[in-house]
Amino acid sequence: MLTTESLHHYWHTLTGPGGDLRLFMPQFVLCLTIVLILLLRTFSDHINAKPFAFIGTVIGLLFALWNWMSASISHEPVNHELFGGMLVHDMFSIYMTVFLLAFAMATVVLTMLTGMPDTEDSADFTTLLLGSVVGMTLMASANTILMIFLAVEMASIPSYAMAGFLKARRASSEAALKFVVFGGASAGVMLYGLSLLAGMYGTIHLPTLAHEMLYQMTVTEEAFNPTLLLALVCFVVGIGFKLSAFPFHFWCPDVFEGAPAEVAGFLSVASKAAAIALLARFSLTLVGTYHHAPFEPEVWQAAIHAVGNYLSPVLAVMGAVTCTFGNLAAFGQTNVKRLLAYSTIAHAGYMMLALATLTVVGAKAVLFYLIVYFFMNLGAFAVVAFVRNVSGSEDLDAFSGLIHRAPVVTVAMSVFLLSLMGLPPLAGFVGKFQIFAVLYETGWYSLLVIGGLNTVISLFYYVNLMRVMIMTDAPDQAPIISLPNAGFATILAAIVIYLGILWNAPEQWSQIASTSLTRPERAVTHMEAPAADLVVEASPDKTGN
Amino acid sequence: MGLIWVIATLVPLAAFVVQILFGSVLKRANAYIATGAIGFSFFLSTMGMLWYASFKPGVLSPPGHHAHHEEVVEGAGAAGHADHSHDGEAGEATDHGHEDAGHDSEADHGPVNPVAFEGSISWATLIRGEDTLSKVLRENPALGDLIGPEDLREEGPGVVSVGYRIDNITALMFFMVTLIATCIHVYSMGYMDHEPRYGRFFAYLSLFCFSMLALVVSNNFFQVFMCWELVGLCSYFLIGFYYEKKSASCAANKAFITNRIGDVGFIVGLMVLFSTFGTFSFSEIFTPEGMLNPELAAKADTFWLTVAGIGIFVGCVGKSAQFPLHVWLPDAMEGPTPVSALIHAATMVAAGVYLIARSFPLFTPEALLVITYIGGITLFVAATIAIVATDIKKALAYSTVSQLGYMVMVLGIGGWIAGLMHLITHAFFKALLFLCSGSVIHGTGTQEMPQMGGLYKKMPKTALTMLVGVLCISGFPLTSGFYSKDAIIAQVLAYGESNPEHTFILLLPGISAGITAFYMFRLWFMTFVGTPRDKHVHDHAHESGDLMTVPLVILACCAFLAAGVPWLGLPIPSLESFIGFGQPAAADSGQFAGLTARAHELHGVASVVASGCALLGTVLAVAIYWKGYLSPSEAQRQFPRVYDLLINKWYFDEIYRYLAVRPAMAFGRMVAWFDKNVIDGALDGSADLTVRGSNFEGRFDLGIVDGMVNWIGSTFFETGVSLKRVQTGWLRGYVVTIALGAVALVALGAFLYTP
């Protein structure tokens, strides 16, 4: 029975200090922006939506930063569940929200600079972009497996449309269709896995699910549970699609080739970041539930270990194969976007290697890598977009002799490529170093060797692109890349260099964010509440038990 | 307060950035920017220095008393209570800059360095301290597996920071560097006037000033090392400034390579240090009193401590041109003369000595003995070579090497005050001497002393100021050199009393004091008095402009007065007591216990010895080169072997050529051959293989995977689907891939599962 008082109370829990809606403001602002743009669209077809999108992302970003600040200074570890347990608000989710919103903002700026898409389509494009970003932030803060699925779909569906945004290009439409079918199929597989999990453990609440899993594993003392393996692998397939990990990567080169470079850059960073964040949260929650352990720590730890044994080898092999495959396949590419597509496949592989250790330091390395990857990959795709704008082509030939036409952009591109390769003193080196250090420290020497060899292999095709840019003669026509564009590339390159030298601050942020993955006290445990009740009735206790 | 020095350090860097970015626009204005920047730094450091000098004068008790530290404590307390107007400053004194990295230098720990500002920003974390992760782990030990490896959680400091640490030695060095650098900047505006790369020269100078100042203010070894490399780089640029000259570029390479050899030792030392102590920070390695931190010392064993100490000293050997790596410094005279004065006489080469002084408590007795012997050999060998040098700058260069040897040696026998004092006084008079020689070269166009002579009339200002320098370096009473050399000899005497087994090495400073006076007066007489030996040179000789002579006069005053201020009755602490104030306890305890006090007692004897030796050398020089009673060529004929040895610089270059350069070249040729024939082959092969592999993979991807997909698509769905068969078949094939991939992964997971 709804009374005015209860409504008022409910409203207060949403909007009061520390209320769910307040913490959800970053995403909320994006939603408002989308609605605003759609409304404006009804008035005029020729409205340029990009400034609105920019302002929206900036405001959202400010809210997210505010969340980060207030969470950093709070004495209690920030660990709230929002909207009845659907989402979680902790340092990790704030970190990813800031990251994704910042990237959305950068992408909007990039589209403003490149003029792609034109004013007419800008409303559609920004709506899709922002919608996708909302989905991605939800992926990073999903707390139930239902939310995981919804968020993945919410992030994916707008990106299908964005991939096919160049309606006139056949390749674009084909790639988009391929993307849709591939995405749909993998979503189906993932849904199957998630439903298996829910069925087995009777809950969709992730921390509770993890707790149940460990509990049952300890009680039954079963040696090997094929259903659990199937469920986990199905989930990994869904993530693998988002990450374009081998063998679920087929869509990636085609889509990157067909889609505009801006979209490709967006998909390569934001989409993968959200996916890897989701994977990190999911896997570390499964092996990180320790609170209210009803058994001796040794027994509990053995169970945690067993769960890790399901996930860890799969991730390790997948990561190793993915980065090796990506790097080898990048060799013969003549289209720069295709080349970069394989390069992003390889980078996703590196990140999976770090996650395969199933440790917080691994997650930390990945979170740091994401920051680095943000700047160098966005930079590389931005340069591709700039060159496409002036030469109309995205082939390797369009880059020949670029140094004579656009020296600044060429130097910036070289910085991005060298950073992607992992050369000191650039940011890419620090990122790779952290991942490799984790592999070394955790004793995954085989993965370390594979990662190291891959770095060497990757050198060839990155350097080849640099060779084409710098050491070949320029074709006759000499269009010049405009100053703001060159400035954008320069700023990104400067950040890449800066992060290669002064990386302590982002490293600390990523450490803070990853540490919050070790705090799943939110699990409603076996003794306190019957597992079946967890799903529907949202726990009113938001501050953790 | 520490901010003053930070700003003073960064100003030259800003100047450098502006000059290098806008050099093409600014051109000659670079000189004004560079000079203005260093002048501003000088102004700031003067402010800081005045503040230091005025800081509770009562506290600046003379060194030498064994109860030195206690007195300081009382003095500080008394001053703090008696004079409330100082309270504000005392409060500031505990201000540690931005962060909490500093140690409390006031009453809590006993204020040996009464005022040490420290601040830093952390740059990189190498070992995790107690952080969030460790806290989580402490609360929940069961999380061991999840959080990660043990090593990452090891407790302890491991933060490499960029920061500053200002105590009175830093303030003094800073003041000295900025003062000399300012003079030399002004001088260079005259000296380099006709150079085509005028602007670039000043950009390099600014970069050098920044690096040197950042080195001086460093609060940790790592920053010292970075700045160490930066000053080395600037030195390389500036030695090779006339890169059209082959000798200049060769000299630059020689300096660079020789310094790298020293740096290898330095790096080894730093690595040993870090792996033993887990920190680079001065304030963590050393206690405020200037001893090795007992907590850390307990962790280290003597052998590794000795290795670390000698490693760091090897770095100093390279930078301060000590035997056997001294060969680069004379060649470095290929650079412009202001550079020789600034970098290769006053500041950079003294950085090695400064580092020895800074890390003094670190050195074990064994390491200190090595330091003593290296210094002793250097000071004698270099002094002897200087006797026969005919190039005016090379003679000064060998003199520099010799004087640096004095400092190193006396530091090795615990003469911390004497070493640093000589560092400061030497910086002034050697900068002066070099600038004078530059003025001579500028006026005559030659560096060869046999072509000079009788220039006194032509360039009186240069001659007189240079005479001041000569008097200083020879150690004539009342000059600054007298005080510092006297302190050195006194320390040597005191040490010799308690360690007679090292008498041989202890004789060298005395002998060399005589040699020093001899070759310096020889230089002055050959240049300025007697009959002109080259009429052409003499006719064209002229005095330099004001831009060059004014700095000479300023430096001459400084050089003369640097150590003797109390004689003027000014209420400023003498150089000796000012430095003594910062003396680390390690220099007055252990094997050196009571040595400072003993040295103080021996000052009288020492001054007689030092002046006597100097007088002897001077008389000899007067007899040979002024009055002509003895003929130098006669001496050459009588001692041909000695002369050959000296004129060939003890054959160091030849020895190195046979021992190091030629084998290295031969090895290089061998490696080149190997590279060309073996590695390239292998690399080509592997590159080929990689390309083939990726081609294969491409074919695999396109042919087999896609083919299989197609095949599966067509076989599985042929019957069911007849419409739009090609396209939908293709797409569904992808879906099948997903299914197959999932199955493969499940199989893999099951296969790899280990319970």
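## Nonpolar cores

In this predicted model, the largest nonpolar core holds 209 residues. Those with the most contacts inside this core are A:Met96, A:Ile148, A:Leu197, A:Phe235, A:Phe399 and A:Met413. Helix H15 of chain A (residues 360-391) supplies the largest share, 23 residues. Leaving aside residues up to four places away in sequence, A:Met96 touches A:Ala140, A:Ala273, A:Ala274, A:Ala277, A:Leu367 and A:Leu370.

Another core, of 203 residues, lies apart from the largest one. Among its members are B:Ala397, B:Val410, B:Leu433 and B:Leu508.

## Salt bridges in chain A

Side chains of opposite charge can pair when their charged atoms come close. Over all chains, the count is 22 salt bridges. One of them joins A:Arg338 to A:Asp254, with the closest N and O atoms 3.1 Å apart. This pair links distant parts of the chain: A:Arg338 belongs to helix H14 (residues 336-356) and A:Asp254 to helix H11 (residues 251-258), 84 residues apart.

A:Arg338 counts as buried because its relative accessibility is 19%, under the 20% cut-off.

## Salt bridges in chain B

B:Arg165 and B:Asp167 form a salt bridge with an N to O distance of 2.7 Å. Both partners are covered: B:Arg165 counts as buried at 6% relative accessibility, and B:Asp167 is buried with a relative accessible area of 2%.

B:Glu244 and B:Arg197 also meet in a salt bridge, at 2.9 Å from N to O. The two residues are 47 apart and lie in loops: B:Glu244 between helices H10 (221-239) and H11 (246-277), B:Arg197 between helices H8 (168-191) and H9 (198-217). B:Glu244 counts as exposed at 56% relative accessibility, whereas B:Arg197 is buried, with a relative accessible area of 14%.

## Helix H22 of chain B

Helix H22 of chain B runs over residues 480-498. At 1.5 Å a residue its 19 residues should span 27 Å, and its end C-alpha atoms are 28 Å apart, so the two values agree. The helix is mostly covered, with 15 of its 19 residues buried.

## Confidence

The predictor assigns the complex an ipTM of 0.83 and a pTM of 0.66. Chain B has an average pLDDT of 78, and 80% of the residues score at least 70. In chain B the pLDDT is below 50 over residues 56-113, a stretch with 97 contacts in the model beyond near neighbours in sequence. Residues 719-729 of chain B also have a pLDDT below 50, with nine such contacts. Where pLDDT is low, the predicted coordinates should not be read in detail.

How values were computed
Residues are numbered from 1 along each chain as its sequence is written. Chains are lettered from A and ligands numbered from 1 in the order in which they are written. Side-chain values use heavy atoms; hydrogens and water are left out. Helices (H or I, at least four residues) and strands (E, at least two) are DSSP runs, numbered from the N terminus. The expected span of a helix is 1.5 Å times one less than its number of residues. Buried means under 20% relative accessible area, exposed over 50%, partly exposed in between (1.4 Å probe, protein chains only). pLDDT is the predictor's confidence in each residue, from 0 to 100. Contact means heavy atoms within 4.5 Å. A nonpolar core is a set of buried Ala, Val, Leu, Ile, Met, Phe, Trp, Tyr and Cys residues joined through side-chain atoms within 4.5 Å. A salt bridge is a side-chain nitrogen of Lys or Arg within 4 Å of a carboxyl oxygen of Asp or Glu.
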